[in-house]
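Please look over the sequence and the structure shown here, and then follow the explanation with both in view.

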Amino acid sequence: VTATRQVVYELSRPEVDAAGAVQVRPLTVPLEDEGTLAAEHMLVNIGPQHPATHGVLRLVVELEGEAVVRVIPHVGYLHSGFEKLGEYRHYNQIIPLTDRNDYLAAPSNNVALAQAAEKLMGIEITPRCQVLRVIACEMARISSHLVWAGTTGIDIGAFTVFLWMFQEREKLYNLLEAWTGARLTTTLTRVGGLMADVPDGWTDELRRWCLAFPKVLDETEAMLSRNGIWLGRNLDVGVISGPDAVSFGLTGPNLRASGVPYDLRKDRPYLGYETYDFEVPIGEHGDCYDRYLVRMDEMRQSTRILLQALDRLPDGPINVADPRVILPPKSRAMADMEAMIFHFKQVMEGVAAPVGEAYSAVEGPRGELGYYFVSDGTAKPVRWRIRPAAFYNLAALPKMAEGHLLSDLIAINASVDVVMGEIDR
Amino acid sequence: VTALSPSVAALRQQFGPAILRAHVSCGDTIVVVAADRAKEILGWLRDDPGQRFDLLVDLTAVEYRDRERPLEVVYQLWSIGRRAFLRVKVELAKDAGLDVDTVSDLWQSANWAEREVWDMFGIRFRGHPDLRRILMWENYAEGHPLRKDFPLRGRFSRSEQVRQALSGALEAHYSSEELSIRQAQGGRP
């Protein structure tokens, strides 16, 4: 990641103490120069219904003039109790819930759940399934980053990006729809396999898209990366240092933009990611601009992975050959006594997992997306925990935004890439 | 992988009887440590040059269907430099008060995570700077939803839930006391 960095504007900042921390003056404490408007702190409530909060996020902001003194995020408006619901469902029945967790990257969530359940049950998936899951994960990453780039453009006042990005996202969603029948709620995986193989001619369509897409990225970067307004809104805005980012539990592009090279695809490889040739883009300043550069480059790398996966996609079954885990085809269940028994037992009793616990994570578009199952030997988990990357990322928002202008808060919030479904669960 | 992580031997040497048990499940090492020394042990795991578990990946809790089993607070640790994973657990007996020391001064990420565990399980974190509910609203009266004795549809009837939701003072959510809520919660256990 390289770019010419120069400070374009000098912005006013609120008072800081000797240690560099922003001076917080609680509203309840009377101010010395009471009576003048300039001394009064203002309280601004943003959200939960506001286009710049990317969902039902509510931010209570204390302002001194236009400078942000304090940000208090309020979350939970979209809380649906997924983890509780999961305790009453078979492992495969949980998969539709994962679509609604991070709804901008449902395939990543589907894969994360199947992977954790398979780790718990000791199931090895087939080679074709592995490659198809890689394809699904990278498509999810690109489509999620496209939404991020588009909405960030809108937040900062660049409408063209939104149109260009959503045009590409539409093509990806058409492909996902042809594969799974749904655009957002894909419910793609099953424990031990996938809900369906890709249709005929699908891989050629995806390859055509992969070859055309980098040009769109080039055009977008040509429009943004040296754009004076874009630089002014992003350079040195929302800085978080590497050690701070680690302490806040940031993962994914937000962490890597601060210069910490942690990517699960490299550090804790799954689905055979260690056999693909790709790079992990790393920033160095940890500001909005580096987060932008990292995500744009990640889309390019994901396209590389997609092309490699298409090249190596092996023939063969998508599901493991275990009738206790995978439902028999409907035609066999209707004609063959044994198949019908397996069908009946799976639907009525589910698949029992051995006593134990498994934590398994994938590198989602927002960082480490971990699924943690605890089993007591029955077909329903005792505990299903989602390690929500966006939740931890959002917790660092006050750290990044305090001391900046209110308009910068919008840019920083956009650059953190929150998705409320995953935060509130 | 069925071998214990080498961190376990180092922990036993350093803390002796405070390391209660260790086993491997699905390839990951799980260490159960004494609740009253958990913070010290976690701090050592973070700072010791041989351990360097600098990323608190996740902090959560588990309650089992077996009513006799204690609640568990689960710390998922990852060392970015060493690429090593370790799961540390603290057991809290249900009749002995659900309290454990906060680690939010060791890792900032624990701040919200501990708030969520308090909200969902009712486990209190001693020394936490801001232990408020996070996913449920502040005056939520039905208890802690992820506890096993909490019914799936909530404790109150549907009509009571609607009544409570509509009876709240909306102004309370948009007042200037909002910002000093931390001070207002000072008397909270």
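Residues are numbered from 1 along each chain as its sequence is written, chains are lettered from A and ligands numbered from 1 in the order in which they are written, and side-chain values use heavy atoms, with hydrogens and water left out.

Where pLDDT is low, the predicted coordinates should not be read in detail.

Between the chains, 50 residues of chain B are in contact with 55 residues of chain A. The buried area, which is the accessible area (1.4 Å probe) that two parts lose on being put together, summed over both, is about 4,600 Å² for chain B and chain A, and carbon and sulfur atoms give 58% of this area. The interface holds nine salt bridges, each a side-chain nitrogen of Lys or Arg within 4 Å of a carboxyl oxygen of Asp or Glu; one of them joins A:Arg385 to B:Glu116, whose closest N and O atoms are 3.0 Å apart. On the side of chain B that touches chain A, at least two residues each come from strands S2 (28-33), S3 (55-62), S4 (71-79) and S5 (84-92) and from helix H3 (110-121), these elements being DSSP runs numbered from the N terminus (helices H or I, at least four residues; strands E, at least two). S3(B) gives the most to this side, with seven residues.

Within chain A, helix H16 (residues 406-416) is largely enclosed by the rest of the structure, because nine of its 11 residues are buried, that is, under 20% relative accessible area (1.4 Å probe, protein chains only). Among them are A:Leu409, A:Ile410 and A:Ile412. A:Leu405 lies in the loop between helix H15 (397-401) and H16 of chain A, and A:Leu405 counts as buried at 14% relative accessibility. After H16(A) comes A:Asp417, whose phi is positive, near 60 degrees.

Conventions:
Predicted model: local features only at pLDDT ≥ 70, side-chain atom pairs only at ≥ 80, totals over all residues. Contact = heavy atoms within 4.5 Å. Buried < 20%, exposed > 50% of the residue type's maximum accessible area, 1.4 Å probe, protein only.
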